[in-house]
Amino acid sequence: MAFGLPGFIHRKKALWRSFSGIKEAALKSTTIPKGYIAVYVGEDQKKRYVVPLSYLNEPTFQELLSMAEEEFGYNHPMGGLTIPCREDIFIDITSQFN
């Protein structure tokens, strides 16, 4: 009695490759390149941005950090730096740094 094991093994390998691709994508989404920091921006819904560490030297970015300190102290619930401002304001401010 012969079973279609070669086909089964082939499908299993293809499924394993797709799962490993999902795992790699998940790792990439949580990895932050050297010289960058993750910040979460928004009032209600927080969106994650990865910005260069050089932004920490910018006076307007430092003001945003002061806002974050006033609202959250040093306990950031998202696990990264959380900035409580509107997303469009954050984009306008950071676009001036380049």
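Phe-97 has a relative accessibility of 17% and therefore counts as buried, the cut-off being under 20%. This is a predicted model. Phe-97 pairs with Phe-61, and both belong to an aromatic cluster.

**Aromatic residues**
- The structure contains five aromatic pairs.
- Phe-61 counts as buried because its relative accessibility is 0%.
- One aromatic cluster is formed by Tyr-49, Tyr-55, Phe-61, Phe-90 and Phe-97.

- An open sheet is built from three strands in the order 2-1-3, with mixed pairing.
- Strand 2 (47–52) and strand 3 (81–83) are the edge strands, and each pairs on one side only.
- From one strand to the next, the twist averages 35 degrees.
- Strand 1 (residues 36–41) pairs with strand 3 in the parallel sense, over three bridges.
- Val-41 has Ile-83 of strand 3 as its bridge partner.

**Helix 3**
- Helix 3 (residues 87–95) lies across strand 1, strand 2 and strand 3, and runs at about 10 degrees to strand 2.
- Phe-90, Ile-93 and Thr-94 are buried in helix 3.
- Viewed down the axis of helix 3, its buried residues fall within an arc of 90 degrees, so they line one face of the helix.
- In an α-helix there are 3.6 residues a turn, so residues three or four places apart point the same way.

Terms used:
Residues numbered from 1 in each chain as written. Predicted model: local features only at pLDDT ≥ 70, side-chain atom pairs only at ≥ 80, totals over all residues. Heavy atoms only, no water. Pairing = 2+ DSSP bridges. Helix = DSSP H or I, 4+ residues; strand = E, 2+ residues; numbered from the N terminus. Axes fitted to C-alpha atoms, helices over the stretch in contact; angles between N-to-C directions. Contact = heavy atoms within 4.5 Å. Buried < 20%, exposed > 50% of the residue type's maximum accessible area, 1.4 Å probe, protein only. Arc of directions from axis to C-beta. Phe/Tyr/Trp six-rings, centres within 6.5 Å; stacked < 30°, edge-to-face > 60°.
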